[in-house]
Amino acid sequence: MLNNYHVDELGIIHQTSWLPKVYDNEYLSYYEGLQDRTIKLGYQRLGWILGLIGHLPDSTLEIGYGTGTFLEAATIAGIPHCSGYDIAKYPLPSNCVFIEWEDALFASWEVTALFDVLEHIPDLNFLGTLNTTYIALAVPYCHWHYLGDEWFQNWRMRLPDEHLHHFNPDSLIALLAHHGYECKNLNTFEDGLRLREGEQGPNIICGFFQSTKLAK
């Protein structure tokens, strides 16, 4: 394992120490430059969720909403209560409400979305506090367990000080199970939009999880 990284008992790779990352408008501007792709991802992600639960949820929280394309798709689809939290208060789509972190954790949600977010949050134990029926997420697919240190050293998604945790399918399922969520769907469908020219996947894991305590 590379210096300043360690593997925990669930198989998750963590950066041991890091410098705080600033997630400001300059950071967001990179994703604004990919607006066509992010709009497509927002609708694709919503369609995936609706197909799995079979109905329009009554509430949706997105943690780390960024440019807001998923929440915009959710409001257009008719989800009545759409809220977002981000470390910086980026503009939200119409009919969406910003919610503070502590309030987000203790409110009740039917669907919580964590797209390209879990790897950024220093303390993953918030998953045990979250009060939600379903979690939908996307994280970079780490192949260290199969390809070793040389691959990990050169992986473009390693991003020291920004991506603090790295998952493969087994460790992602183990993490969510540890916090009371059962895996209902795991796939790599986002690679269709996100793989770079000449790049081989899988590169993004999408997971859909259901609470074992709050399931309807």
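Reader: What volume does the second largest pocket have, and which residues line it?

Author: In this predicted model, the second largest pocket has a volume of about 160 Å³. Its lining is made up of Asp8, Glu9, Leu10, Ile12 and His14, together with Asp123, Leu124 and Asn125, and finally Leu175, His178 and His179.

Reader: How many residues of each class does that lining have?

Author: Sorted by class, the lining of the second largest pocket has four nonpolar, four polar and three charged residues.

Reader: Turning to the sheet, in what order do the strands stand, and how should I read its edges?

Author: In general, the strands of a sheet pair through backbone hydrogen bonds, and this pairing is either parallel or antiparallel. Here seven strands form an open sheet with mixed pairing, in the order β5-β4-β3-β6-β7-β10-β9. Because β5 (96–98) and β9 (181–187) each have a single partner strand, they stand at the edges, and one side of each is left without a neighbour in the sheet. Between neighbouring strands of this sheet the turn is 20° on average, direction ignored.

Reader: How many bridges join β7 to β10, and which residue stands opposite Leu137?

Author: Strand β7 (residues 131–140) and strand β10 (residues 204–211) run antiparallel and are joined by seven bridges; Leu137 has Gly207 in β10 opposite.

Reader: Which strands do helices α3 and α6 lie across?

Author: Helix α3 (residues 69–77) lies across β3 (59–63), β4 (81–85), β5 and β6 (108–115), and runs at about 170° to β4. Helix α6 (residues 169–178) lies across β7, β9 and β10, with an angle of about 155° to β9.

Notes:
Residues numbered from 1 in each chain as written. Predicted model: local features only at pLDDT ≥ 70, side-chain atom pairs only at ≥ 80, totals over all residues. Heavy atoms only, no water. 1 Å grid on protein atoms, 1.4 Å probe; cavity = no way out; pocket = protein on both sides within 12 Å on 5 of 7 lines; lining within 4 Å. Points joined across faces, edges and corners; volume = space filled by probe spheres on them. Nonpolar A, V, L, I, M, F, W, Y, C, P; charged D, E, K, R; others polar. Pairing = 2+ DSSP bridges. Helix = DSSP H or I, 4+ residues; strand = E, 2+ residues; numbered from the N terminus. Axes fitted to C-alpha atoms, helices over the stretch in contact; angles between N-to-C directions. Contact = heavy atoms within 4.5 Å.
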